[in-house]
Amino acid sequence: MERKKVTVNDLLEMKRRGEKIAMVTAYDYHTAVFADRAGMDVVLIGDSLGMTTLGYESTLPVTMNEMIIFSKAVTRGCKKPLVVGDMPYMTYQVSIDDAMRNAGRFMSEAGTGAIKLEGGKHMAKTVEALVKVGIPVMGHIGLTPQSMAMLGGFKVQGRTAQAAIDLLDDAIALENAGSFFILLELVPSVISKVISERLTIPTVSIGSGPDCDGQLLIFHDLVGIFEAFTPKHVKKYANLSGEIENAFKNYIRDVKEVNFPTAEHSFKISEEEKKVFLDLLSKREK
Ligand code: KIV
């Protein structure tokens, strides 16, 4: 049966019937097509593209215009998955007006089906305003990379009893504000299990254990392109960095040794045209 476009309501339904939700990040057209063909449920254009694709040292320099360019490529490639645009740093924190304008750009210019923003209780009013105008909002709590300066690094969150209660309160506040989905990043499994059980809306884990309603991996981690280190929560399903490097090395060797291109990769003209061409050439050069 032809798979249909995944909607926000489908994700709620999947939670109800206990079907896990598969989610990955994508930043370009071809990755989006592969995710679509493979049957991914949700695709996130994360502001992690700042680090994975643009080579920035953090996500903070990523602009709204950059997000829109990459998001357009991803939505062109994703026919079935729900596509979520990640609101970059300071495009929604200053005012609800900013949040509306920028979330609206994801929906109208890039064609995403939802947006994601970081933060719990303190973002509830913004979430409520966006949902009221018909923009589905995915929440993101736990480790929130845009607050790295406060958090002091990529650290597991909610490790004390009070911090865990605060996370639960954040999740409940986001659900009450109308979020359809909540991402829990680097939260201990026991806490994310409790949060997932207390919510009606689905949760998705990145480094938050198996008991969330779905799982998210960053594309570059999943296919083994990111090499600097392998975070504990990552499972590599391929080793593309090795494959790509080998392909490049073989190509360089073939070029240097004139093994590429061969006749197979080259274009011909008819013998007749060749003869005329050589006659013309010799007359010109006399
Ligand atoms: O930008 C992103 O890809 C994210 C993930 C870290 C969850 O927000």
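How far does a polar side-chain atom of Asp86 lie from an oxygen atom of the ligand? The distance is 3.1 Å, and a polar contact here is a pair of N or O atoms within 3.5 Å. The protein covers 95% of the 260 Å² of accessible area that the ligand has on its own, by the Shrake-Rupley method with a 1.4 Å probe.

Before going on, this is a predicted model, where local features need pLDDT of at least 70, side-chain atom pairs count only at pLDDT 80 or more, and totals for chains, interfaces and linings use all residues. Residues are numbered from 1 along each chain as its sequence is written, and side-chain values use heavy atoms, with hydrogens and water left out.

Back to the ligand. For Ser48, a polar side-chain atom is 2.5 Å from a ligand oxygen. For Asp47, an N or O atom of the side chain is 2.9 Å from a ligand oxygen. The residues around the ligand, each with a heavy atom within 4 Å of it, also include Thr25, Lys116 and His140.

Now the rings. The whole structure has 2 aromatic pairs, meaning ring centres within 6.5 Å. Tyr251 and Phe260 have ring centres 6.1 Å apart and planes at 65°, so this pair is edge-to-face (planes over 60 degrees apart).

Key
Polar contact = N/O pair within 3.5 Å; in protein donor to acceptor, adjacent residues only side chain to side chain. Phe/Tyr/Trp six-rings, centres within 6.5 Å; stacked < 30°, edge-to-face > 60°.
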